[in-house]
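Please examine the sequence and the structure shown below. The briefing that follows them is arranged by topic.

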Amino acid sequence: MKPDSPCSLYLRRLAPSGRKSVASQLKQIKHILEWSGTTEEQPFHLLTYGEIESIKQTMIDNDKSARTINLAINAIKGVVKTGFLMDITSDKIWLKVQAVKSLKTTPSSRGSALATFDVQQLLLDCSIDKRPIGLRDSAILAVFLSSGARRFELSNFRLDSFSIQEQTIEIKSGKGRKTRCQNLPSWVTPYIHAWLRFRGHGSGFLFNPFRSRIPNPTHQMSASAIYRVVKSRTKMALEKSSAPHDLRRTFITQLLRQNVDLSTASKLAGHASLATTQIYDKRGDEVSREAALSLSFKE
């Protein structure tokens, strides 16, 4: 059996949610370097400090965003590290590559968080639909908003991921292949129970596609199907469509609105760093204004 190249092995080890974007960045770097052949075959693991800095500067000159450039740099570092662990890349190259610094970024303006009224309107509008598909979609929206799950994580939920007694849902193989157990607020339980009364309590995936109007527990909804559900339901209820990641932004923003500290919010979101969680903070300038106005030295 032909062994994997460092690039191929690195990509295979990534979660499906991140693999596509990383592969795309490595493909762009391949074009910058004018390499031929498939991306997986390229010797990214042998790139030196100077070559990576040159790639970074080329991307800056091409007006690529700081986040895109940082993703590319981290992808190269990941392949170099894989090559080092495979005893293909020298320790000198590996150590010097660590000195390549990422660019400073500002909070992203992409996406938005739903206002409290919009969340209430969305759940109400969907729950009025008493068809089986309405029960399923209501539960999907409620779980998104109460757990901050990513759509590929929600797609992978199985019935045994949800604990009625503990009122938790286990998120297995999340981003970075990490597992976390998420506590759920009490308001979400009725939505899940309503769906399960129709779906049944047989083992299998929690959210299923329909076949002849009957859910098939052995089949999971794809991440793209879940995306379409959220887009269509938000469009119908709010006259503006939101993506699943906007519901994740809503979850994180609402935690921060309710004065949950950033570290706790980061853990609940399954983020590896506080800086990532800050990007999802969509509270706006009113938070800074309220903080400034509330300053007092009275005991």
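This is a predicted model: local features need pLDDT of at least 70, side-chain atom pairs count only at pLDDT 80 or more; totals for chains, interfaces and linings use all residues.

Residues are numbered from 1 along each chain as its sequence is written, and side-chain values use heavy atoms, with hydrogens and water left out.

**The chain as a whole**

- The secondary structure comprises 14 helices and five strands; helices (H or I, at least four residues) and strands (E, at least two) are DSSP runs, numbered from the N terminus.
- Of the 299 residues, 41% count as buried, where buried means under 20% relative accessible area, exposed over 50%, and partly exposed in between (1.4 Å probe, protein chains only).
- Among the contacts with a separation of 6 or more, 59% are between residues 24 or more positions apart; contact means heavy atoms within 4.5 Å.

**The three-stranded sheet**

- An open sheet is formed by three strands in the order β1-β2-β3, with antiparallel pairing; two strands pair if DSSP finds at least two bridges between them.
- Strands β1 (162–163) and β3 (180–183) are the edge strands, each pairing on one side only.
- Strand β2 (residues 168–171) runs antiparallel to β1 and is joined to β1 by two bridges, with Phe-162 opposite Ile-169 in β2.
- The hairpin of β1 and β2 has four residues between the strands, and Gln-167 takes a positive phi near 55° there.
- The pairing of β2 with β3 is also antiparallel and extends over four bridges; Ile-171 stands opposite Arg-180 in β3.

**Helix α7 against helix α11**

- Two packed helices are described by the angle between their axes and the distance between the axes.
- The axes of α7 and α11 (residues 244–257) come within 7 Å and cross at roughly 45°; axes are lines fitted to C-alpha atoms, for helices over the stretch in contact, and angles run from 0 to 180 degrees between N-to-C directions.
- The two helices are therefore oblique to each other, since angles under 35 degrees count as roughly parallel, over 145 as roughly antiparallel, 65 to 115 as roughly perpendicular and the rest as oblique.
- On the α7 side, the contact is made by Leu-141, Phe-144, Leu-145, Ser-146 and Ser-147, and on the α11 side by Pro-244, Leu-247, Thr-250 and Phe-251.

**Helix α9**

- The buried residues of α9 (residues 189–199) are Thr-189, Tyr-191, Ile-192, Ala-194, Trp-195, Leu-196 and Arg-199.
- These buried residues pack against α6 (116–128), α7, β1, β4 (210–211) and β5 (214–215).
- Just after α9, Gly-200 takes a positive phi of about 95°.

**Two loop residues**

- Arg-150 lies in the loop between α7 (132–147) and α8 (151–155), and Arg-150 counts as buried because its relative accessibility is 8%.
- A polar atom of the Arg-150 side chain lies 3.5 Å from the backbone oxygen of Gly-270.
- Asp-160 is found in the loop between α8 and β1, and Asp-160 counts as exposed because its relative accessibility is 59%.
- The C-alpha atoms of Asp-160 and Ser-203 are separated by 7.3 Å, although the two residues are 43 residues apart along the chain.

Conventions. A polar contact is a pair of N or O atoms within 3.5 Å; within protein, one must be able to donate a hydrogen and the other to accept it, and residues adjacent in sequence count only if both atoms are side-chain atoms.
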